[in-house]
Amino acid sequence: MKNFYLVITSVLLLLSSSCNTDDDTTKNALLYGNYTGEFTVIYNDSTMYSNPVTVQFYTDNTYISSGNENYFPAGGSGSFSSNTETLECYDENFWTANFDWNLILNGSYTYTKTQDSLVFSAYKNNLGDYTYKLIKTE
């Protein structure tokens, strides 16, 4: 019986030590919420497009981004993860080939977060800078 308790205790200790409180869920919690703001792309030839955008980051580590008819931005939805400097979005949609796919909220972005704002951007495929400047609404 003593060995049984020793085995159970060892298993419980092993399981609890494998749980990391600083995992992706904890890091992602910094981003959870609804945001509105502006999406801007500046291409290498200095052409710029800018439109309103909304982005929601949910507690199940999924996201939804609004799109516009002209695809600036295209939108996107799927799962995400983050660390203290990088946001990774994994879009799960099927898209047509009639626009710049970098306009989809997908891939790796560097970000800065304050209590009420979130800014993330990426220079993608040697084409230009894609930036989201957002204010938290909830």
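How many bridges join β6 to β7? I looked this up and found 4 bridges, with the two strands running antiparallel. Strands here are DSSP runs of E with at least two residues, numbered from the N terminus, and two strands pair if DSSP finds at least two bridges between them.

A note on what I am looking at: this is a predicted model, where local features need pLDDT of at least 70, side-chain atom pairs count only at pLDDT 80 or more, and totals for chains, interfaces and linings use all residues. Residues are numbered from 1 along each chain as its sequence is written, and side-chain values use heavy atoms, leaving out hydrogens and water.

Next I stayed with β7. K113 stands opposite L118 in β7, and a hairpin with 3 residues between its strands is formed by β6 and β7.

Then I checked the side chains of β7. L118, F120, A122 and K124 point to one face and are buried (under 20% relative accessible area, 1.4 Å probe, protein chains only).

Last, I turned to β4. I found 5 of its 7 residues buried, so β4 is largely enclosed by the rest of the structure. Strand β3 pairs with β4 in the antiparallel sense over 4 bridges, and Y63 has G78 as its bridge partner in β4.

Definitions and conventions: Buried means under 20% relative accessible area, exposed over 50%, partly exposed in between (1.4 Å probe, protein chains only).
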